Amino acid sequence: MIKILDGNSKEINWTFNRFPDNQLQFVIDRQGAENARVMQISITGDDELILFFQSLQVLKMISKIEIKYFYGARSDKTMAGTNRVCCVADWFYQTITNYYSTGNSFIDILAPHCDDLLINRYIGDIDEGLLKLDFDLPECLNLDDYDLLVFPDESAQRRVKTGDKESITCQKNRDQSTGEILSHFIPEIPEGTKRILVLDDLCDGGRTFKNIIMESGLGNAKVDLFVFHGVFSNNALKSILRYYDRVFVSNSLEAPEQQRSRLSADQDRVIIFNVW
């Protein structure tokens with residue numbers, strides 16, 4: 001998903017050519033190219049990636065890029081077991097800044113799963129104001145509705161700003177080669193807890209969040225789930241609703257709305273907040 005906006009936040013139309021050999025070419029009319037100031041992108045596939053980089057060659061007046069879903073954010077290592085692998089998150093950010101290096105440039109990234117890499121590798125860019133990592137909770141979520149916040153791991157606890165709200169943080173034991181979660185340690189839930197919110201930046205198949213419910217002994221407490229990005233592989237949203245009362249998720253990806261639309265009686269239990 002790529003949106004191009006003018007200085008008044010009005011969307012500018014664009015398109016692309018796809019040739020018989022499957023190559024792509026970004027297309028926008030001259031006036032649209034001259035008026036473009038902001039780009040909003042959510043890149044999940046290679047076609048979007050190619051069109052995004054092509055657009056930066058054409059749209060010379062872009063001053064802000066808002067990245068709703070960061071390409072390669074889950075591929076932020078240089079080694080996987082004994083194999084050398086591309087650190088895609090590092091490559092993507094370096095490539096953006098090589099293309100996009102005007103004096104007034106600014107990149108705003110919504111809850112990147114690779115935030116440790118960006119903070120540690122590009123701290124100068126953050127200090128200088130080129131890069132912003134956005135983990136702010138949406139207005140539709142009221143933390144006062146909950147007795148307790150639960151974070152699946154320490155990185156989730158660090159990312160999301162929740163003030164002094166009472167919380168607990170789980171621990172994950174992972175296979176260092178594959179990244180697979182081998183086990184969880186979930187602290188004891190305080191007695192009398194009735195409403196719980198589990199928070200993280202991303203949900204793929206939902207195994208972590210299901211395990212939190214099954215292994216924590218929540219009793220009669222009602223539990224909601226908040227994630228910025230819903231990948232929801234293998235139609236995960238439907239199965240997650242067996243464990244959670246409500247799910248809050250952004251529209252940074254298309255899966256939440258697609259899977260909610262296929263639900264019969266539970267659509268109102270999925271709250272999708274807009275980041276576009």
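Biologist: Is Phe92 buried or exposed?
Modeller: Phe92 counts as buried, since its relative accessibility is 0%. The cut-offs are under 20% relative accessible area for buried, over 50% for exposed and partly exposed in between, with a 1.4 Å probe and protein chains only.

Biologist: And how does Trp91 count?
Modeller: Trp91 is partly exposed, at 37% relative accessibility.

Biologist: What should I keep in mind about where these values come from?
Modeller: This is a predicted model, where local features need pLDDT of at least 70 and side-chain atom pairs count only at pLDDT 80 or more, while totals for chains, interfaces and linings use all residues. Residues are numbered from 1 along each chain as its sequence is written, and side-chain values use heavy atoms, leaving out hydrogens and water.

Biologist: Got it. How many aromatic pairs turn up in the whole structure?
Modeller: The search finds 12 aromatic pairs. One of them is Trp91 with Phe92: the ring centres are 6.5 Å apart and the planes are at 35°, so the pair is tilted. Rings of Phe, Tyr and Trp (its six-membered ring) pair if their centres lie within 6.5 Å; planes under 30 degrees apart are stacked, over 60 edge-to-face, and the rest tilted.

Biologist: What about the rings of Tyr93 and Tyr122?
Modeller: That pair is tilted too, because the planes are at 55°, with centres 4.5 Å apart. Tyr93 sits in helix H3 (residues 88-99) and Tyr122 in the loop between helix H4 (115-121) and helix H5 (123-127), so the pair ties together parts that are 29 residues apart in sequence. Helices here are DSSP runs of H or I with at least four residues, strands are runs of E with at least two, and both are numbered from the N terminus. Tyr93 and Tyr122 are both buried.

Biologist: Which residues do ring pairs link into a cluster?
Modeller: Phe52, Phe53, Phe70, Tyr71, Trp91 and Phe92.

Biologist: New topic. Where is Ser75 found?
Modeller: Ser75 is in the loop between strand E6 (64-69) and strand E7 (79-80). Ser75 counts as partly exposed, at 34% relative accessibility.

Biologist: And what does Ser75 touch?
Modeller: Not counting residues up to four places away in sequence, Ser75 touches Cys86, Cys87, Val88 and Ala89. Contact here means heavy atoms within 4.5 Å. Ser75 and Ala89 are 14 residues apart in sequence, with 6.1 Å from C-alpha to C-alpha.

Biologist: How about Asp224, is it buried or exposed?
Modeller: Asp224 is buried, with a relative accessible area of 0%. Asp224 belongs to strand E16 (residues 222-230). Beyond its neighbours within four places in sequence, its contacts include Tyr146, Arg195, Tyr244, Asp245 and Arg246.

Biologist: How many residues of helix H7 are buried?
Modeller: In H7 (residues 207-216), 7 of the 10 residues are buried, and the helix is mostly covered. Among them are Phe209, Lys210, Ile212 and Ile213. Gly217 follows H7 and has a positive phi, near 65°.

Biologist: What is the phi of Phe232 near?
Modeller: Phi of Phe232 is near 50°, a positive value in a residue other than glycine. Most residues other than glycine have a negative phi. Phe232 lies in the loop between E16 and helix H8 (236-240) and counts as buried, at 1% relative accessibility.

Biologist: And Ser9, what does its phi look like?
Modeller: Phi of Ser9 is also positive, near 65°. Ser9 counts as exposed, though, at 58% relative accessibility, and its place is in the loop between strand E1 (2-5) and strand E2 (11-12).

Biologist: Last one, the whole chain. How many helices and strands does the protein chain have?
Modeller: The protein chain has 9 helices and 18 strands. Of its 276 residues, 49% are buried. Along its principal axes, the C-alpha trace spans about 65 × 45 × 40 Å.
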